[in-house]
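Please open the model in your viewer and keep the sequence beside it. The tour below goes from stop to stop, saying what to select and what is there.

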Amino acid sequence: GDNHGDIMIRGVATGVLPDTDATVKLNGSRIPGAGADVSDEVIPAMTISYFFTDNIAVELFCCFAKHSMS
C-alpha cells in the first residue's frame with residue numbers, strides 16, 4: 001500500500017561504547033598518567049519515523065545515557 005504520511009514508532013536498545021584509548025597531550029608531548037576511564041552503557045531508546053514516500057522517511061532518535069567516570 002501507500003505508506004505516504006505513515007508514522008512508525010520503535011523501541012530499541014542502544015549501546016553507548018565510548019573509545020577511551022585517547023592519548024592526552026600538551027604542546028605535542030604526552031602527559032603520563034593522564035586519561036579517563038568511562039563506562040559502557042546499554043540504554044533504552046525510541047525512534048519516530050515519518051514516511052514522505054514508500055522509500056523516503058525522516059527519523060527522530062531519542063535517548064540519553066549517564067556515564068560514570070573514575
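**Stop one: a loop residue**

Select Asn27, which counts as exposed at 77% relative accessibility; exposed means over 50% relative accessible area, buried means under 20%, and partly exposed lies in between, with a 1.4 Å probe and protein chains only. Before going further, note that this is a predicted model, in which local features need pLDDT of at least 70 and side-chain atom pairs count only at pLDDT 80 or more, while totals for chains, interfaces and linings use all residues. Residues are numbered from 1 along each chain as its sequence is written, and side-chain values use heavy atoms, with hydrogens and water left out.

Asn27 sits in the loop between strand 2 (25–26) and strand 3 (29–30), where strands are DSSP runs of E with at least two residues, helices are runs of H or I with at least four, and both are numbered from the N terminus. The phi angle of Asn27 is near 55°, which is a positive value in a residue other than glycine.

**Stop two: the whole chain**

Of the 70 residues in the protein chain, buried ones make up 10%. Among contacts (heavy atoms within 4.5 Å) between residues at least 6 apart in sequence, 62% join residues at least 24 apart.

**Stop three: a buried serine**

Select Ser49 next, in strand 4 (residues 41–51). Is Ser49 buried or exposed? Ser49 is buried, because its relative accessible area is 4%. Leaving aside residues up to four places away in sequence, Ser49 touches Asp6, Ile7, Met8, Val58 and Glu59. The side chains of Ser49 and Glu59 are also joined by a polar contact of 3.2 Å; such a contact is a pair of N or O atoms within 3.5 Å, where within protein one must be able to donate a hydrogen and the other to accept it, and residues adjacent in sequence count only if both atoms are side-chain atoms.

Glu59 lies in strand 5 and Arg10 in strand 1, so the pair ties together parts that are 49 residues apart in sequence. A salt bridge is a side-chain nitrogen of Lys or Arg within 4 Å of a carboxyl oxygen of Asp or Glu, and a search of the whole structure finds one. Glu59 counts as partly exposed at 45% relative accessibility, and Arg10 counts as partly exposed at 36%.

**Stop five: an aromatic pair**

The structure holds one aromatic pair. Select Tyr50 and Phe52, whose rings are edge-to-face, at 5.1 Å centre to centre with 80° between the planes. Rings of Phe, Tyr and Trp (its six-membered ring) pair if their centres lie within 6.5 Å, and planes under 30 degrees apart count as stacked, over 60 as edge-to-face and the rest as tilted. Tyr50 is partly exposed, with a relative accessible area of 32%, and Phe52 is partly exposed at 42%.
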